[in-house]
Amino acid sequence: MHREGSGLITLRGITNQSRARFRVTFGANIALPTGGTAGPIQLAIAINGEPVSATQMIVTPAAAEEFFNVSRTLFLNVPSGCCTQVSVENTSTVAVDVQNASLIVERVA
């Protein structure tokens with residue numbers, strides 16, 4: 001389930017099965033905003049608001065507005081009858097510009 005304009009996607013387990021398995025894929029171009037100081041920036045896929053460390057996407061631009069492409073895929077099991085929220089979070093200590101973002105969720109089993 002997704003509400004347009006929201007950064008959250010809610011996944012629900014299937015009632016008559018022990019779990020539902022999803023592939024969550026995120027990709028985007030990221031950069032420091034105008035006036036930002038050169039240094040590492042990072043995003044991560046989050047489950048129920050908690051960033052998953054294995055999905056950290058880190059780049060180190062040498063200057064503001066220098067875009068890099070990042071992407072990650074995560075397989076996620078949602079137990080029967082339960083719901084899980086998926087999002088992407090800025091885990092940097094600075095602001096990050098994001099362009100052409102794509103978050104794709106596919107049920108795989």
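**Why these residues and strands are described as they are**

Me: Why does Ala 54 count as exposed?
Reply: Ala 54 has a relative accessibility of 64%, and exposed means over 50% of relative accessible area, whereas buried means under 20% and partly exposed lies in between (1.4 Å probe, protein chains only), so Ala 54 counts as exposed. This is a predicted model, in which local features need pLDDT of at least 70 and side-chain atom pairs count only at pLDDT 80 or more, while totals for chains, interfaces and linings use all residues. Residues are numbered from 1 along each chain as its sequence is written, and side-chain values use heavy atoms, with hydrogens and water left out.

Me: Where is Ala 54 placed?
Reply: Ala 54 sits in the loop between β4 and β5, where strands are DSSP runs of E with at least two residues, and helices are runs of H or I with at least four, numbered from the N terminus.

Me: Why does Thr 55 count as buried?
Reply: The relative accessibility of Thr 55 is 2%, so Thr 55 counts as buried. Thr 55 belongs to the loop between β4 (50–51) and β5 (57–59).

Me: Which residues is Thr 55 in contact with, leaving aside its neighbours within four places in sequence?
Reply: With those neighbours set aside, Thr 55 is in contact (heavy atoms within 4.5 Å) with Leu 43, Ala 44, Ile 45, Arg 72 and Leu 74. The side chain of Thr 55 also reaches the backbone oxygen of Val 52 at 2.7 Å.

Me: What makes Ala 63 partly exposed?
Reply: Ala 63 has a relative accessible area of 37%, and therefore is partly exposed. Ala 63 lies in the loop between β5 and β6, and, leaving aside its neighbours within four places in sequence, is in contact with Leu 32 and Ala 38.

Me: Why is one side of β6 and of β8 left without a neighbour in the sheet?
Reply: The open sheet of three strands has the order β6-β2-β8, with antiparallel pairing. Because β6 (68–79) and β8 (97–107) stand at the edges, each with a single partner strand, one side of each has no neighbour in the sheet.

Me: How do you know that β2 and β8 pair?
Reply: Two strands pair if DSSP finds at least two bridges between them, and nine bridges join strand β2 (residues 19–31) to β8, so these antiparallel strands pair. Thr 25, for instance, has Ile 104 in β8 as its bridge partner.

How values were computed: Polar contact = N/O pair within 3.5 Å; in protein donor to acceptor, adjacent residues only side chain to side chain.
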